[in-house]
Amino acid sequence: MAFPKNISPDAKRLPDLSIDPEQIEEGSSLWQDAWARLRKNKLSLFSFWTLIVIAVVCFAGPLLTPYSYVEQDLERTLQGPSWQHWFGTDDLGRDQLTRVLVGGRVSLTVGIIATCVSLLIGVTYGAAAAYAGGKAEAVMMRMVDILYAMPFTIFVILLMTIFERSLLLLFIAIGAVEWLTMARIVHGQVKSLKEQEFIEAAVSLGYGTRRILFRHLIPNVLGVVTVYATLTVPSVMLLESFLSFLGLGVQPPQPSWGSLIKLGADNIQLFPHLLVIPAFFFSLTLFCLNFLGDGLRDALDPKSSKD
Amino acid sequence: MKFGRMVFGVGGVLTAVVLAGCGGGIPNVEEATARGILLKGNGAEPKTLDPQVATGVTENKIISALIEGLISYHPTDDELPEPGVAERWEANEDYSEWTFFLRADARWSNGDPVTSHDFVWSYERMLTPEFGAEYVEMLYPMENAEAFHRGELTDFSEVGVEAPDDHTLHIRLVGPTPFFLGMLKHYAWFPVHPPTVEAHGRGWLDRSSPWTLQGRYVGNGPFVLEEWRVNQYIRVTKSPTYWDRDQVRLNEIYFMVIEDVNTEQRMYASGRLHVTNTVPSNDIANLRRTRPEELRLEPYLGTYFYRFNTTRPPFDDVRVRRALAMAMDREAIVNRVTLGDQTPAYAFVPPGFDDYPRRRLVEHDPETARRLLAEAGFAEGGGFPRKFLLFNTLEDHRKIAEAVVSMWNRELGIDFQLENKEWRVYLEAQSQLDFDISRAGWIGDYMDPVTFLELWTTDNGNNNTGWSNARYDELIREAFRSKTQEAHYAALIEAEEILMAEMPVIPVYHYNRIYLIRPEVRGWNPKLLDNRPYKYLYLE
């Protein structure tokens with residue numbers, strides 16, 4: 001059946017709906033909106049650039065210092081800051097500046113990679129479980145509960161003994177443990193979202209499960225997920241230092257902020273600079289991550305007004 | 001004795017928090033001094049208080065307060081014997097047969113008399129193969145003990161120990177052993193109370209028998225086990241049944257479990273400890289200025305060394321082993337890294353044995369080291385496989401390992417990876433030969449160089465290098481059979497030369513005991529083996 005081309009002879013009486021092309025609001029993606037909103041949040045923006053600067057300095061800086069992070073000078077151990085060694089030297093006479101920067105590389109990398117791994121697993125798993133519903137959901141979430149109960153260290157030790165020990169594996173192992181909370185959060189969010197009308201609409205439009213999950217549900221939980229992710233980064237960094245301490249993580253002479261802070265904490269009374277400097281960088285990074293997470297939450301919430 | 005349990009741990013930090021949280025029960029130093037209570041930092045949590053199962057220094061410190069052997073610790077000199085359960089003793093002309101006369105008033109803490117049968121029973125327990133005692137080699141000098149332990153003999157009455165009556169113990173040895181009295185001070189020779197051991201656990205051969213727990217422990221020493229709080233402390237009180245109880249002047253001792261050396265340091269500074277177990281190396285320089293009276297640096301009969309796994313290439317090549325040993329600058333390690341006036345080790349046996357010669361059997365010689373390495377096929381470190389240096393998790397081990405690896409890199413062009421493991425995992429890796437190079441320490445068990453050299457015989461449970469040398473084994477056996485001190489030393493001198501020529505282990509330095517002690521503690525003398533006769537200690 002074909003529709004008649006001219007439905008009504010009174011069509012001319014309808015109000016003129018044509019819009020001045022100047023006023024057309026360009027279609028903008030979620031991310032463009034978010035970026036626009038983030039730019040208005042001074043503190044978040046400042047944190048964002050600070051993090052970029054820290055990252056750049058950590059990755060490029062060690063190339064510029066005249067020392068390597070393993071080069072020892074046993075004649076000059078435990079010195080305070082000076083022109084030769086801006087941040088002083090550690091207990092084997094190594095340049096603390098270089099070590100702090102190289103340590104930052106490890107800590108930032110572990111923070112980012114492990115968080116990405118935990119995001120990837122946690123968000124997919126949590127959303128899938130909630131969307132599937134019924135028995136599948138029950139089984140999937142009980143699995144999470146069981147994994148929660150498993151001591152984390154044992155799991156990592158297991159991974160480390162089965163596979164060849166490597167930094168990348170460490171990153172993945174941490175991420176593979178950290179996804180549990182993420183899965184729960186996403187699960188709860190998606191469970192409430194999927195009852196809402198826009199999902200029903202999508203279902204009635206005949207969209208597939210995958211499309212509904214990734215195009216409709218997950219963007220709506222991104223706000224919560226982002227905030228949690230920025231909180232995951234610091235906890236992952238702490239976890240790394242704990243593991244390195246147990247001998248399962250970064251091995252000396254490779255430094256990480258966690259191991260540098262531990263060394264500093266041991267010498268706090270006599271050589272406070274060994275603690276203060278890496279701790280400053282570590283805290284600064286954590287602060288920035290928190291502020292950025294805060295800003296991102298506001299920016300990424302699709303329900304917040306566009307203007 | 002295995003050394004290195006001053007493990008720096010998160011556990012230690014937690015312990016400190018717990019202690020601070022519920023420290024109400026533990027008196028501070030002033031109050032403790034007034035009440036005759038000694039507060040002693042004792043390192044890690046002891047694994048056991050069963051003298052026939054224990055292997056570590058930490059355990060020894062507590063067990064020696066609870067149990068007394070035939071021979072006791074002398075108040076000032078670890079070379080001298082002091083009557084313990086044995087009131088007096090006799091030896092035959094060549095020191096191969098000994099008779100001990102036990103004092104009639106020696107009592108177990110439950111009131112039972114200590115008899116010579118208890119000793120025989122304990123030695124049988126220790127030597128029974130199923131029991132699996134790790135320190136069983138200590139008993140091998142006894143006639144037929146080794147054969148019985150290997151299962152070649154099944155009748156224990158053929159082993160060279162017998163009790164003709166309740167208070168006489170007769171011991172026959174495989175050869176003349178003038179230093180036998182010194183060996184008897186070691187806890188492997190301590191008796192246990194048979195009825196108590198049998199009453200708990202799965203029979204007398206149960207290694208994990210719970211007879212050692214609080215409320216069950218029966219000992220014969222100057223103190224009895226009063227309280228065992230896991231990861232906090234072990235509290236012992238003066239024994240009312242000890243034969244020499246009038247000599248015991250302390251009322252109680254707290255052996256505090258503090259793994260973290262920095263926590264221990266802070267507890268000492270805030271008046272919660274009389275004596276520390278050790279001192280962090282980075283604090284020594286400062287303590288020399290601020291607490292010169294309280295800081296003690298005393299020679300300790302022990303050697304810090306690196307062991308090779310000689311079953312893994314390239315460490316099966318003696319040239320590689322010697323090259324690594326020669327590239328090590330021990331003076332720099334002692335003066336710049338360990339910082340505690342330790343003696344650089346150029347041989348394995350530490351100083352302290354009067355007639356045993358001090359020699360330099362390995363030199364710091366990077367030139368020769370490079371040449372040896374090139375001969376082995378790794379000129380300038382080229383083609384050297386990726387290998388690991390293993391150490392147990394402790395700051396000071398980490399520091400030394402990093403310094404050594406850096407020296408090897410600088411002198412030989414070899415890149416070693418470091419690998420740290422938690423104490424128990426580390427011990428497991430050593431005994432399974434699952435390492436390339438591993439740090440280790442050995443504290444002498446008695447005052448004779450053989451305590452350091454018998455480790456490296458083929459079958460010794462503490463060898464853990466895979467190294468074996470028939471001539472070396474023969475020399476050690478000879479040392480246990482030699483009729484004179486000269487012959488004994490001659491065998492050991494040759495053995496040590498072989499050991500250092502083959503270099504299955506690299507000696508690094510000889511230990512110093514480094515600790516802090518408050519002036520109130522009296523009767524605490526420097527001792528080479530650090531054997532503490534607690535009954536002579538008092539507080540003022």
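These are my notebook entries on a predicted model, taken one topic at a time.

**Entry 1: where the chains meet**

I began with the boundary between the chains, and I found 22 residues of chain B in contact with 16 residues of chain A. On the chain B side, at least two residues each come from helix 9 (281-290), helix 11 (330-338), helix 13 (395-412) and strand 14 (416-421). Helix 13 of chain B gives the most to this side, with six residues. When I sorted the chain B side by class, I noted six nonpolar, seven polar and nine charged residues.

**Entry 2: helix 11 and helix 13 of chain B**

I recorded the crossing as right-handed. Here B:Ile333, B:Val337 and B:Thr338 of helix 11 meet B:Lys399, B:Ile400 and B:Ala403 of helix 13. By class, this contact has four nonpolar, one polar and one charged residues.

**Entry 3: a helix pair in chain A**

I then turned to chain A, where helix 2 (residues 42-64) and helix 3 (residues 96-132) pack at an angle of about 125°, with their axes 8 Å apart. That angle makes helix 2 of chain A oblique to helix 3 of chain A. I noted that this crossing is left-handed. Among the residues that meet are A:Ile54, A:Phe59 and A:Pro62 from helix 2 of chain A, and A:Leu101, A:Arg105 and A:Leu108 from helix 3 of chain A. The contact of these two helices has nine nonpolar, three polar and one charged residues.

**Entry 4: strand 15 of chain B**

Is strand 15 of chain B largely enclosed or largely open? I found that six of the seven residues of this strand (residues 437-443) are buried, so strand 15 is largely enclosed by the rest of the structure. Its pairing with strand 11 (residues 295-308) of chain B is antiparallel and runs over seven bridges, and in it B:Tyr304 stands opposite B:Gly441. Strand 13 (residues 387-392) of chain B pairs with strand 15 in the parallel sense over two bridges, with B:Leu389 opposite B:Ile437.

**Entry 5: a four-stranded sheet in chain B**

Next I followed an open sheet of four strands in chain B, which has the order 4-5-7-6 and antiparallel pairing. Strand 4 (86-91) and strand 6 stand at the edges with a single partner strand each, so one side of each is left without a neighbour in the sheet. Neighbouring strands are turned by 20° against each other on average, direction ignored. Five bridges join strand 4 to strand 5 (residues 97-102) of chain B, and B:Arg88 has B:Phe101 as its bridge partner in strand 5. I also saw that helix 4 (residues 116-127) of chain B packs on the sheet, where it touches strand 5, strand 6 and strand 7 (168-172), and that its direction makes about 160° with that of strand 6.

**Entry 6: one glycine in a loop**

Last, I looked up B:Gly151, which has its place in the loop between helix 5 (145-149) and strand 6 (161-165) of chain B. Is B:Gly151 buried or exposed? I counted 10 C-beta neighbours inside 10 Å, and because a residue with 12 or fewer is exposed, B:Gly151 counts as exposed. B:Gly151 and B:Leu127 are 24 residues apart in sequence, and their C-alpha atoms are 9.7 Å apart in space.

Notes:
Residues numbered from 1 in each chain as written. Chains lettered and ligands numbered in written order. Predicted model: local features only at pLDDT ≥ 70, side-chain atom pairs only at ≥ 80, totals over all residues. Contact = placed C-beta atoms within 7 Å. Nonpolar A, V, L, I, M, F, W, Y, C, P; charged D, E, K, R; others polar. Axes fitted to C-alpha atoms, helices over the stretch in contact; angles between N-to-C directions. Parallel < 35°, antiparallel > 145°, perpendicular 65-115°, else oblique. Left-handed = near helix turned anticlockwise from the far one by under 90°. Buried ≥ 20, exposed ≤ 12 C-beta atoms within 10 Å, placed from the backbone. Pairing = 2+ DSSP bridges.
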